[in-house]
Amino acid sequence: MSAAKIFFNRNALLVTKHGKEKVIVPLLSDAFGLKIELADKIDTDQFGTFSGEVERPDTQYNTARLKILKGFEQYPEIEIAIASEGAFNPHPDCAFIPVNTEIVMLIDKKNELEVSGRYLDLAAHVKESEISSVEEGENFAAAIGFPEYGVILKASPKEIEKPYVLKNFRTKEDLQTAMHFLLSISGNGKIQMQTDMRANFNPTRMKNIEHATNELVNAILSVCPKCHTPGFSVGQVIKGLPCSWCGAPTKSTLSHIYACKKCGHGVEKKFPHGKQNEDPGFCDYCNP
Ligand SMILES: [Zn+2]
Ligand SMILES: [Zn+2]
C-alpha cells in the first residue's frame, strides 16, 4: 500500500471554516491527488471558538475527530475527511509565553486509517489590552498589525450578564464605529481588546496550519516497515537527553518512538534532533 497511491483520485471532505482550505487543499491534493471538497453544511464554530462564546468540547485531537465524524454523518458517501484544530496554551515552562498548537487530521474510513500532523509555534501572535478611548484602541490595533491581523472587542454592559462581543472588522472605520458603540454601553467605560485568532484574521496562524499540513503529508508518506500502512509517525517522545558535563538526564528529547496504529509495530529512534547530549545550561544539577 503506497502512501501516495491509496488516496489518488479519491474524494475527500474538508471540515473547516475561516478560509483554512487556502493552505490545506493545495498541499494535500498536490501530494496525493485527493479531490477535496469543502463541508460547508457544517458550522465548525459549534466545536469551540477562540473568543470564548463556545467552549471546546474535548481535547484538541478529539475535537478534530468530532469534526471529522460530523463530516461523515452529514456526507455519508464520503470515505475520507480532514479537519484542523488549533489551540493556544501557556508554555509548560513559562506561563507568559503563549504556544499555538495546530493539528491537521485525516481519517480514511475504508482503510481504517487516522493520521495527524502537528505544529507548535512558540512565537504565537496573541495580545490583549484594556482600552478606555478610541485613540487607545487604534494604537493597540496598529501595534498588532490591524487590518492584516483582526481584533476582537468585548465590553460588559451593566444590565447584561454575558459580555458583548464584536469582530469581523476589515477597515479602520468599522473598528472606530464599533469602539464608539461599545464604549457607550460598557459598564466600566472600558473595552477588552484582543488579537483575533481565527485563521482568516490571523496570518501567523494560517502559516502554522500550513506547517501542520506539511507535517501531515510527511506522516502519511512515512510507512510502517512491517505492514506498509501510511502514518508511521512519532507516537511518544522520551525525555532524558544526558547532560554533557555530569551525564544526568535533562528534560530534552532522548528519543522518538514511532508506532504503527494498524499492526502495533514500534521503532525507537534515538537522538532525533541530531545531538547526543545536552548543554549543561539545561541541566537541573549543573545549572539549578
Ligand atoms: Zn504496521
Ligand atoms: Zn549536568
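In which order do the four strands of the open sheet lie? The order is S6-S9-S7-S8, with antiparallel pairing; strands here are DSSP E runs of at least two residues and helices are H or I runs of at least four, numbered from the N terminus, and two strands pair if DSSP finds at least two bridges between them. The model is predicted, so local features need pLDDT of at least 70 and side-chain atom pairs count only at pLDDT 80 or more, while totals for chains, interfaces and linings use all residues. Residues are numbered from 1 along each chain as its sequence is written, and chains are lettered from A and ligands numbered from 1 in the order in which they are written.

Strands S6 (128-131) and S8 (164-166) form its edges, each pairing on one side only. On average, neighbouring strands are turned by 20° against each other, direction ignored; axes are lines fitted to C-alpha atoms, for helices over the stretch in contact, and angles run from 0 to 180 degrees between N-to-C directions. Four bridges join S7 (residues 151-155) to S9 (residues 191-195) in the antiparallel sense, and here Leu153 stands opposite Met193 in S9. Helix H5 (residues 172-185) lies across S7, S8 and S9, at about 15° to S7.

Now step back to the whole chain. An automatic or database assignment sets the domain bounds, giving domain 1 (3-124 + 202-221), domain 2 (128-196) and domain 3 (226-288). Seven residues of domain 1 are in contact with five of domain 3, contact meaning C-beta atoms, placed from the backbone, within 7 Å. On the domain 1 side, S5 gives the largest share, three residues.

Note on methods
Contact = placed C-beta atoms within 7 Å.
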